[in-house]
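My notes follow the order in which I went through them.

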Amino acid sequence: MAMIPLPYGIDLFEKVRREHCYYIDKTRLISEMMDVPFQVNLITRPRRFGKTLAMSMLASFFDIRKESRELFDGLEISENKELCEQWMNQWPVLFVTLKDVNGRDFPDAYEMLHQVLANLCKEHRYLKTSDRVDSEDKAAFSRLHARKGELADVKNAISLLLRMMHDHYGKEVILIVDEYDVPLAKASDNDYYDEMLNVIRTLIGMSWKSNPNLKFAVVTGCLRVAKESIFTGANNFVSNSISDTSYQDCFGFTEAEVKQILKDADLSEALPEMKRWYDGYRFGEVEIYCPWDVLLHVRALCLKSKAVPGNHWLDTSHNNIIRRFIELPDMFVNDKFETLLSGGVIQERIREDLTYDIAHSSEDNLWSILYLTGYLTQVLPEELPEGMTPQEGKTSLRIPNEEVKSVFKDTVQAWFESSIKARDRRGLFDEWWNGEDTRLTEDVSDILFDTISYYDYREDFYHAFLAGMFSGAGYDVRSNSEQGKGRADIVIRERRHRRAIVIEVKWPGKKKNSTLESECREALDQIERMQYAKNLRIEGYRTVLCYGAAFLGKDCLIRLAGDDERQ
């Protein structure tokens with residue numbers, strides 16, 4: 001393999017180019033964008049697909065303060081001489097990123113916003129001494145720079161900077177706003193949405209409402225927040241989502257690009273696993289890999305040739321959306337989740353203009369959120385499973401790849417475990433201690449029926465399921481504990497009453513002619529043969545109950561060993 005200088009964790013175009021990092025040429029975005037007149041261009045893509053790097057590239061290209069020709073030499077856009085002559089380094093640029101505006105409550109998030117604006121003022125501190133800028137504007141600028149601005153100063157900050165820059169340069173200003181909706185997403189998660197919307201709607205929305213200082217604005221985010229909330233007043237407003245064909249390969253990596261990266265790193269044999277784990281997103285008519293994942297896995301392979309693909313979405317900020325989806329009352333989505341987790345397709349109505357405050361108010365909105373944020377992807381009509389036909393007004397959806405599927409599985413399992421712990425389990429415990437195996441079979445089956453299952457349930461899941469049933473309830477619970485001549489699957493001890501339970505778990509899997517009854521008998525035979533109860537009696541436990549538990553899908557059978565095994 002060959003070590004290549006990957007831009008791991010770098011989302012600034014100038015740094016990538018000046019440090020000679022590996023760069024996939026996405027400068028076609030500039031020419032595509034300038035082909036269509038607009039005042040405000042909103043581009044929505046899931047997180048981790050290179051929006052910040054792309055916006056940084058735009059800023060480097062247009063910014064009048066810079067000399068960027070060397071940075072763009074050899075890239076596709078440099079071949080468009082006429083466009084470069086007219087636009088490269090010819091316009092004032094205000095580049096604002098809101099991706100770090102976050103907080104557990106509104107005061108915390110508002111303080112972060114204050115810091116973002118103070119940093120902008122620091123970057124453009126030449127305005128403070130410009131003889132072309134109004135003195136009252138300079139006073140407001142100074143308050144923002146010192147983080148002493150009032151609410152009105154904060155709300156007006158971007159409009160203020162656009163005006164001051166226009167006055168200073170004598171040219172209209174290009175506004176680039178990256179991750180505009182992150183403050184709203186965080187606010188929705190932490191219950192201060194209305195307060196944050198009140199600020200963001202004015203801070204950003206007023207920037208293009210009949211603004212003579214604005215040349216045009218490019219805005220990125222995950223969702224198109226409803227037009228009436230933020231984008232009202234924007235003349236010639238253009239919106240581009242993952243459903244559109246414009247810029248369809250300008251964010252994320254195409255398969256050809258991934259093949260080239262792997263070839264350059266002498267890792268071409270890694271493509272099948274890379275594709276299975278990180279491909280599958282569809283932007284417009286193109287299938288796309290998540291660039292963040294590709295770079296991380298290539299880096300891992302360069303360091304360790306046998307590195308296996310990992311789940312990097314666990315580090316992103318919106319995985320709790322699946323949990324919120326499952327837990328909402330009156331939304332019966334279990335069957336659809338099971339279809340998705342088994343690799344199937346569902347068909348749902350997708351709405352692209354949402355507000356975060358109503359995103360969880362209906363099932364349609366929630367499927368839309370999962371689609372627009374990358375947890376689900378579109379399936380073309382020709383790719384539908386046999387017997388399924390497109391439904392008018394609905395989008396066919398599936399989980400894009402193994403990484404996202406693992407996020408679903410982990411979230412579902414965590415929800416399942418916590419929902420079990422939240423139950424009143426006293427009656428269930430009594431059934432275990434009283435040897436009521438018939439009632440246990442019914443009640444445990446009922447619990448399983450309430451779960452969201454997926455195709456690769458195995459013995460280890462049921463093992464963890466039963467152990468989790470007793471966890472956090474004051475019992476000593478041990479898995480694969482050495483007992484007698486071997487290791488019992490689950491042992492539960494209660495010292496106060498000197499009693500214990502041994503459970504051996506079985507799953508037929510693909511055994512021929514196997515039944516739950518035969519698996520239970522095998523489990524009980526193993527308990528007796530391996531003398532799992534012997535050590536417990538030696539330890540002084542007066543009562544030891546031994547159970548065989550067999551599972552298949554959502555069916556279970558629990559059988560208690562004979563009376564001779566209890567004494």
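I began with the lining of the largest pocket, to which α3 gives the most, with five residues. The model is a predicted one, in which I read local features only at pLDDT of at least 70 and side-chain atom pairs only at pLDDT 80 or more, while totals for chains, interfaces and linings use all residues. Residues are numbered from 1 along each chain as its sequence is written, and side-chain values use heavy atoms, with hydrogens and water left out.

By pocket I mean an open set of points on a 1 Å grid over the protein atoms alone, where a 1.4 Å probe fits and protein lies on both sides within 12 Å along at least five of seven lines; lining residues have an atom within 4 Å of a point. Helices (H or I, at least four residues) and strands (E, at least two) are DSSP runs, numbered from the N terminus.

The largest pocket holds about 820 Å³ of space, a volume being the space filled by probe spheres set on the points, which are joined across faces, edges and corners. I found 35 residues lining this pocket, with Asp 11, Arg 48, Phe 49, Gly 50 and Trp 292 nearest its centre. Two or more lining residues come from each of α3 (51-62), α10 (182-189) and α14 (291-303).

For the second largest pocket I noted about 510 Å³ of space. Its lining has 21 residues, and Leu 12, Phe 95, Thr 97, Leu 120 and Glu 123 are the closest to its centre. The elements giving two or more residues here are α1 (13-18), α3, β2 (93-97) and α6 (106-123), and α6 gives the most, with six.

Finally I checked both ends of the helix. At the start of α7, a side-chain oxygen of Asp 134 comes to within 2.9 Å of the backbone nitrogen of Glu 136. Just after α7, Arg 147 has a positive phi of about 55°.

Notes. Polar contact = N/O pair within 3.5 Å; in protein donor to acceptor, adjacent residues only side chain to side chain.
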